[in-house]
Amino acid sequence: MEDVQALLSEGVRKALQKLAAERGVAEEALPQVELERPKREGQGDWATNAAMKSSKAFGARPRDLAEELAARIPVGDEGYVEKVEVAGPGFINFFLNRRWMGSVLDRVLREGDSYGKSDIGRGRKVQVEFVSANPTGPLHIGHGRGAAVGDVTAAILEHTGWQVEREYLINDAGLQMDILGRSTQARYFELLGKPEQAPFPEDGYKGDYIYDIAREIIDAEGERFLAEPLEESMPWFRQYAEDVILAGIRDDLRAFGVTFDVWFSEKSLYRNGRDAARETVDLLKEKDYAYAADGAEWFGATRFGDEKDRVLIRSNGAPTYFVSDMAYHKDKYDRGFDMVINVWGADHHGYVPRMKAGVEALGRSPEDLQILLIQFVSLLRGGEQVPMSTRAGQFVTLRDVVEEVGRDATRYFFLMRRSNSHLDFDLDLAKSTSSDNPVYYVQYAHARIQSVFAAAEAAGREIPEAGRLDVAVLDSREEQNLVRRLDVFGEELEKAARDLEPHRLVYYLHQLACDFHAFYNAHRVLGEERSVEASRLLLLQAVRVVLRNALNLLGVTAPDSM
């Protein structure tokens with residue numbers, strides 16, 4: 001199929017070359033022709049600023065040059081251009097004809113599930129690491145938002161030509177795991193009536209889930225740990241609690257539609273005599289990026305734009321979290337990834353320059369590390385905010401929300417705003433079956449299309465093939481708006497991939513649903529004159545394809561009825 005954008009670019013390029021030859025302007029002085037979608041309705045389907053970029057070479061006013069170029073661009077039935085207009089200081093706007101509409105619908109129907117795919121990733125390897133919650137408690141709604149953002153970002157990158165690997169970092173090597181073990185041990189002793197033998201740690205995990213784990217241990221092991229020294233049994237409690245919590249995290253993510261290719265244990269960086277932190281420090285020393293001062297070892301982060309140098313190894317010999325993170329990222333790049341994407345909570349924003357500096361010191365471009373920050377989520381019920389306090393162990397889990405409003409609504413709502421913007425999650429709205437509910441509104445568009453095809457089948461109508469399309473009868477504004485929206489699907493996906501903005505896909509789906517409902521409310525499909533009916537059925541087939549493709553990327557179902 002012909003690429004309309006390429007044909008328009010070629011038409012402008014030839015017009016520039018022809019005018020340059022007439023005026024004695026060197027061809028190498030001509031700019032590269034670029035096209036963009038006009039931002040306002042009524043400004044055409046495509047626009048170029050080629051005249052504005054060429055005016056200096058021609059020694060002409062941009063508007064005058066645009067008029068001359070527009071006069072040299074072919075318009076007529078043989079091509080896709082219905083008319084050309086000059087606007088503003090020198091933009092050239094193109095209005096496409098219905099032959100172009102036919103080419104769009106033909107492409108959608110022919111490519112089907114593959115429509116919207118591209119190869120901007122060119123097969124490069126990218127790792128998306130997301131969620132990575134410490135296995136010290138169940139996933140809360142903040143983790144859920146990160147899971148949705150990471151999973152859909154990965155799906156969009158796959159759809160646009162990247163080779164993607166999803167990874168969950170299990171933070172199982174730090175102090176927090178010891179606190180988990182002591183918290184579980186203390187609850188075990190408390191439930192057995194011996195709280196004084198194992199006091200609850202001041203910074204321990206207070207959630208009810210710790211009691212649940214302690215009860216499991218009592219059921220399985222009885223009172224045998226009461227007679228053992230605390231320091232000897234604590235590692236057992238730590239490992240047991242970690243295993244239970246991690247199994248719960250896996251189950252919750254699976255129910256949320258999220259699976260990982262790799263579950264990476266932080267402890268693996270230190271197994272079999274390996275000390276990845278020490279290796280990283282030694283590498284930085286070899287590069288002259290690390291130095292000793294005040295009994296500690298430091299990274300010269302200011303050499304890479306950070307606000308101050310950073311401690312790698314403390315004066316007591318203990319590695320910092322930062323050097324462990326550097327070691328982990330070195331391991332990632334050693335595995336052959338061209339780009340690494342981390343999905344972090346917004347409270348890590350100050351950590352980003354430090355990690356960018358670390359990656360650059362390891363010999364990579366800072367652009368090889370991309371960070372998506374996930375802002376806080378507030379839950380609303382009855383118009384009131386649901387109180388939560390992670391420190392006090394009072395929080396709403398991801399499982400709670402999925403069980404209350406369903407997986408589709410939960411995923412969709414988490415993706416409705418930019419990830420770095422605060423999100424109000426209205427539980428009542430997410431459960432409602434009205435057009436006010438954004439996910440219901442989009443899914444209802446698909447269900448409406450399915451109902452049309454079910455009615456057509458019940459009436460004995462033969463579903464037309466693409467060759468039956470008569471673009472001449474698709475002359476309403478609503479039909480043309482639908483085709484325009486279908487046409488930009490691939491462009492929106494490429495923007496979402498380049499900018500790592502999965503919310504763009506949600507915005508697009510809402511606009512597509514708006515365009516469809518406007519068409520559906522204004523026009524009949526079945527019962528019209530045969531060529532009109534057939535062409536509108538083909539239009540709805542194309543809309544159904546794109547709705548399914550987009551919903552599938554979001555991990556949201558496309559229901560047949562609602």
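Predicted model: local features only at pLDDT ≥ 70, side-chain atom pairs only at ≥ 80, totals over all residues.
**Entry 1: helix H2**

I started with helix H2, residues 50–58, and looked up its buried residues: Ala 50, Ala 51, Ser 54, Ser 55 and Phe 58. They sit on the same side of H2, because they cover an arc of only 135 degrees around the axis. A reminder to myself: an α-helix has 3.6 residues a turn, so residues three or four places apart point the same way.

What do the buried residues of H2 pack against? I found H1, strand S2 (46–48) and helix H3 (62–71). Just after H2 comes Gly 59, which takes a positive phi of about 65 degrees.

**Entry 2: helix H16**

I moved on to empty space. Rolling a probe the size of a water molecule over the atoms shows where empty space is left. I picked the second largest pocket, which has a volume of about 1,500 Å³. It is lined by 47 residues, and the closest to its centre are Arg 37, Asp 45, Arg 484, Val 488 and Glu 491.

Which helices and strands each supply at least two residues of this lining? My list reads helix H1 (4–23), strand S1 (35–36), helix H4 (98–111), helix H16 (477–487), helix H17 (489–499) and helix H18 (503–522).

**Entry 3: positive phi**

Back to backbone angles. Most residues other than glycine have a negative phi, and most peptide bonds are trans.

- Arg 122 has a positive phi of about 55 degrees. I found Arg 122 in the loop between H4 and strand S5 (125–129). Is Arg 122 buried or exposed? Arg 122 counts as exposed because its relative accessibility is 58%, and the cut-off for exposed is over 50%.
- Asp 294 also has a positive phi of about 55 degrees. The loop that holds Asp 294 lies between strand S8 (290–293) and strand S9 (296–299). With a relative accessible area of 73%, Asp 294 is exposed.

**Entry 4: strand S15**

Which residues are on its covered face? Leu 423 and Phe 425 are on the covered face, while Asp 424 and Asp 426 are on the uncovered one.

S15 runs parallel to strand S13 (residues 377–381), and four bridges join the two.

**Entry 5: stepping back**

Last, I looked at the whole protein. I counted 19 helices and 15 strands. The C-alpha atoms fill a box of roughly 90 × 65 × 40 Å along the principal axes. Of the 562 residues, 51% count as buried.

How much of the contacts with a separation of 6 or more comes from residues 24 or more positions apart? Such residues account for 71% of those contacts.

Note on methods:
Residues numbered from 1 in each chain as written. Heavy atoms only, no water. Buried < 20%, exposed > 50% of the residue type's maximum accessible area, 1.4 Å probe, protein only. Pairing = 2+ DSSP bridges. 1 Å grid on protein atoms, 1.4 Å probe; cavity = no way out; pocket = protein on both sides within 12 Å on 5 of 7 lines; lining within 4 Å. Points joined across faces, edges and corners; volume = space filled by probe spheres on them. Arc of directions from axis to C-beta. Contact = heavy atoms within 4.5 Å.
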